[in-house]
Amino acid sequence: MDANNTLQEIHEALFPEIHVVASMGHRHMAELMKMVDSFDKRTRAMTDFRHHSKWLLLYEEENTVDLPEFIYLENVVAVLHHYKCWMHSVLTLKHHLVRNEWVPVAACTQRNINLCYFPNAAYGYNNRRLLVTTLEAPVYIVKSTNNGTTQYKGYAIDILDTIAAVLNFSYSMTEPQDQSWGLPVNGTYDGIVRQLNRTEVDLAACGLAINEGRSHYMEYIYPPIRTEYIDVVYKRHDKQRTTSLFLLALPLRTMVCLILLLVTGLCPLLLAVFESVDLGWNETAAGSRDVGVTYVKKVKQNLLSACWEVTGSLFKQGFSKYPQTLPGKVLVTSWWMLLMVMTTVYCANLVAALSAETDVKPFSNLEGLLDSDYSVGTRTGDMHSHTLKSSLPSSVNGRIWAKIAANDPVFLASNVESHFKRVRSEKYALVEHASITNRLMAEDCQLEILGESVLWLQLAFGLPQRSPLRADFENVMSHLTASGILDVIWAKWTVKRNLTHCPQERILKSITVNQMGGGFIVVCAGTVLSIIVLCLEKLIHLRQN
C-alpha cells in the first residue's frame, strides 16, 4: 500500500485521538515506524503523530536488541511474542534528556492505566520546541535588547508562557522580515499572515486582528485574547473662557427668570392691596360716602410705592418704608426669605462664571473632528488603518482616512511615540488602539480621548491552516478566559488613569471688558432711563406752574 497516503488518512480520520495497532515482521515494522517517526516533519507540522498518537507494536520476536529507538514519537508500546504466547515482554519507550530507552512495564498502581503503558503522556508536549512569530506593539509585545540578546515581554507573551506551562512546550521567537502584520498584497498577504500561510512558523503570538480576508490564509485561536477599541486622542491647546455680553444673566436659567418676573409683578399688587385694607376700613368708620372709590385710590397710591420697594429689594436694598398691616408684613417676610436664597446662589454662580474656565472641547464627535482645524493621523500597516482606507469615501470612516492621507506618508509609518510627540505639540488627533492611548494618557494629564469608538477589533493568536495545535491551544484558551486569568494578566499590563497627581494651575486672570459688557450695558441703560425720568418730571413741574 501507499504508506504515506494511509498515514495521512489515519490522521485525518482519528485526530486528535490516534490509536494504532501494528503487527508485522521486524523488517517491515522498522520501515513503517521509521516513516512515522519522520512523517510530521515531511508534512511541515501539519500532522501530529508525535504527541497525539499511541502505538501498540506486536513483534513476533523476543529479542529487544533490535527494537528501534524513536527520537520523535512519544507514546509507543512493544509487545514481544515468545513460544506462541503474547505478553511475554511488554516494553514502553521512555524519553530521557540524552537518549530514549525501552523499559519493562511494571505492575500498574496508578488510577490512569494509560500512564503505565504510555508514561510520556503525563508530560504534555514533552518540551517540544515551537517557532513563534510576533511583532512589537505597546502593551501586547514589548521588545528589548540587552547585551545583544533580544527579549520579549507583554500581555501576549504572558499568555504564551501560560499556555506553554500547561502544554509543556518551549519556543523561540522570530519576526517577519517585512515587519508587517499581514495586509493584502497582489492577491495574497504579507508579513505574519504569509509566514503562517507558508507554514514557516508554528504560531503567531501577538494581537493579530481577526479579519475575514486573513482567515482564508491562516486560522485563529478562539476565544480571542482581547477586544480592542480604536479611539481618538488629542490635546486641547487653547482652553476657552466665557465671553458674553449677557454674562450677568448666565447664572439664571430661563425658568428661573420667568418665575422671578411673575413673582416680582404679583408681589407689589398684593402688597398694595394688603396695605390699603385697613386704610379703607378707617375711612369707612369715619363716615366716608364712597368706600369703593376711596379704597381704589389708596391701592393706586400704595401700588407705585410697593413697586419701587420690591424692585429695590431685588438688589438687596431692603424696604425704606415697612408694611403697616399684618398681611403685608407676612408677605414681605416671605419675599425677603426668597431674595436671600436667590441672591446668595446668584452671587456664587456669578463669581464662578467670571473666574472659572469653562470646559469647552474643540469637538465632541467624529463629525466635529472632521470639521475642526485639527489634523488627523494614525499608524499605517495595521488592520485598523487598512479598514479605514477600505471604507467608502462618503462614510465617516472614509472621510477620516481622507484627512489622514493628507499627512506625510513617511511620518504615518513611524512609531507610536513620534505620533504622540506631535499630539502634544500641535493640533493633531491620533486614531489609535484604546489600550495604547490609555497607557500614555496615564502619564500625561493634558491628553484627552474623544470617547467615541471609530472601530473595534478582536485580537487573537494565529496558526497555519489545519494546524494540529489548534485543538489543544483552544482548549487552554477557553479555560483561561472562563477562569478570568486573561483579565488578571491584562490588569498587570494596563494602567488606569489617575488625575490626582496632575498639577492644578492657580493663575489670577483679569476680567476682560467683554466679560463685564453686560454690567456696563445695565449701567448705561439705567443712566439713560434716569435722565428721561428727570426730564419728564421737569416738564410736569413746569406745566403745573
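**Figure 1. Overall view of the predicted model.** Helices (at least four residues) and strands (at least two) are DSSP runs, numbered from the N terminus. By this definition, the protein chain of this predicted model has 19 helices and 18 strands. Of its 545 residues, 40% count as buried. The accessible surface of the chain comes to about 31,400 Å², and 58% of that area belongs to carbon and sulfur atoms. Among contacts between residues at least 6 apart in sequence, 69% join residues at least 24 apart.

**Figure 2. The largest nonpolar core, with 80 residues.** Ile159, Ile163, Phe461 and Phe473 have the most contacts inside this core. Helix α6 (residues 155–167) supplies the largest share, eight residues. A second, separate core has 20 residues, including Met29, Leu32, Phe39 and Leu93. In soluble globular proteins, nonpolar side chains tend to be buried together.

**Figure 3. The surroundings of Ile163.** Residues up to four places away in sequence are not counted here. Beyond them, Ile163 touches Asn168, Phe169, Phe461, Phe473, Val476, Met477 and Leu480.

Figure 4. Thr134 is placed in the loop between β6 (128–133) and β7 (142–146). A polar atom of the Thr134 side chain lies 3.0 Å from the backbone oxygen of Ala205. Apart from neighbours within four places in sequence, the residues in contact with Thr134 include Ile141, Tyr152, Met173, Pro176, Ile192 and Cys206.

**Figure 5. The salt bridge between Asp48 and Arg128.** The closest N and O atoms of this pair are 3.0 Å apart. Asp48 lies in the loop between α3 (39–42) and α4 (49–52) and Arg128 in strand β6, so the pair ties together parts that are 80 residues apart in sequence. Asp48 is buried, with a relative accessible area of 1%, and Arg128 also counts as buried, at 8%.

**Figure 6. The salt bridge between Asp158 and Lys492.** The N to O distance is 3.0 Å. Because Asp158 belongs to helix α6 and Lys492 to helix α18 (residues 485–493), the pair ties together parts that are 334 residues apart in sequence. Asp158 counts as buried at 16% relative accessibility, whereas Lys492 counts as exposed at 56%.

**Figure 7. Further salt bridges.** The whole structure contains 15 salt bridges. In one of them, the side chains of Glu426 and Arg422 meet at 3.0 Å, N to O; Glu426 counts as partly exposed, at 38% relative accessibility. Elsewhere, Glu219, Arg470 and Glu474 are linked in a network of salt bridges.

Methods. Residues numbered from 1 in each chain as written. Predicted model: local features only at pLDDT ≥ 70, side-chain atom pairs only at ≥ 80, totals over all residues. Heavy atoms only, no water. Core = buried A, V, L, I, M, F, W, Y, C linked by side-chain atoms within 4.5 Å. Buried < 20%, exposed > 50% of the residue type's maximum accessible area, 1.4 Å probe, protein only. Contact = heavy atoms within 4.5 Å. Polar contact = N/O pair within 3.5 Å; in protein donor to acceptor, adjacent residues only side chain to side chain. Areas by Shrake-Rupley, 256 points an atom, 1.4 Å probe, with all protein chains shown as cover. Salt bridge = Lys/Arg side-chain N within 4 Å of Asp/Glu carboxyl O.
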